[in-house]
Amino acid sequence: MAIAAITVAELGVGIELSEGQTRARRQAFVDDIVATVPVLNYDLDVAAAHAQLLVAVRRQRLPRGAHDLIIAATAKASNRTVVTADTTAFGALPDVSVRGHR
């Protein structure tokens with residue numbers, strides 16, 4: 001198990017948009033994740049996979065979220081499976097393994 005570095009940014013948005021006890025809970029949650037789960041950087045291998053996925057979605061004419069493509073590229077470059085509740089964001093991406101989770 002690992003997470004893409006961009007996922008830390010997405011979780012950080014949730015922290016920044018919250019206040020009080022909710023903010024403290026969210027911060028503690030993110031701190032625990034970052035302390036226990038490896039965070040995969042956007043490196044040259046991820047960049048190459050990202051370029052391939054950008055071309056694929058342009059050819060498919062199926063727009064995807066920028067962060068979703070970075071997450072997918074990170075999974076592709078590291079031979080991992082994306083586990084997500086939003087399988088539509090990752091479906092039909094070449095060489096990206098996706099598993100739905102609720």
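Q: Let's start in a loop. Is Asn 79 buried or exposed?
A: Asn 79 is exposed, because its relative accessible area is 74%. Buried means under 20% relative accessible area, exposed over 50%, and partly exposed in between, using a 1.4 Å probe on protein chains only. This is a predicted model, in which local features need pLDDT of at least 70 and side-chain atom pairs count only at pLDDT 80 or more, while totals for chains, interfaces and linings use all residues. Residues are numbered from 1 along each chain as its sequence is written, and side-chain values use heavy atoms, leaving out hydrogens and water.

Q: Where does Asn 79 sit, and what is its phi?
A: Asn 79 belongs to the loop between α4 and β3. Helices (H or I, at least four residues) and strands (E, at least two) are DSSP runs numbered from the N terminus. Its phi is near 55 degrees, a positive value in a residue other than glycine.

Q: Which loop holds Arg 61, and what should I look at in its backbone?
A: Arg 61 is found in the loop between α3 (44–60) and α4. Look at phi: Arg 61 is not a glycine, yet the angle is positive, about 60 degrees. The side is exposed too, since Arg 61 has a relative accessible area of 73%.

Q: Now a helix residue: is Leu 69 buried or exposed?
A: Leu 69, in helix α4, is buried, because its relative accessible area is 4%. Leaving aside residues up to four places away in sequence, Leu 69 touches His 50, Leu 53, Leu 54, Val 57, Arg 64 and Leu 93. Contact here means heavy atoms within 4.5 Å. Leu 53 is 16 residues from Leu 69 in sequence, and their C-alpha atoms are 6.9 Å apart in space.

Q: How do I check the span of α1?
A: Multiply 1.5 Å by one less than the number of residues. The 12 residues of α1 should therefore span 16 Å, and its end C-alpha atoms are 17 Å apart, which agrees.

Q: Which residues of α1 are buried, and what do they pack against?
A: Ile 6, Thr 7, Gly 12 and Ile 15 are buried in α1. The buried residues of this helix pack against β1, α2 (20–36) and α4.

Q: How do I describe the packing of two helices?
A: Use the angle between the axes and the distance between them. The axes of α1 and α4 cross at roughly 145 degrees and come within 8 Å. From α1, Ile 6, Thr 7 and Glu 10 make the contact, meeting His 67, Ile 70 and Ile 71 of α4. Axes are lines fitted to C-alpha atoms, for helices over the stretch in contact, and angles run from 0 to 180 degrees between N-to-C directions.
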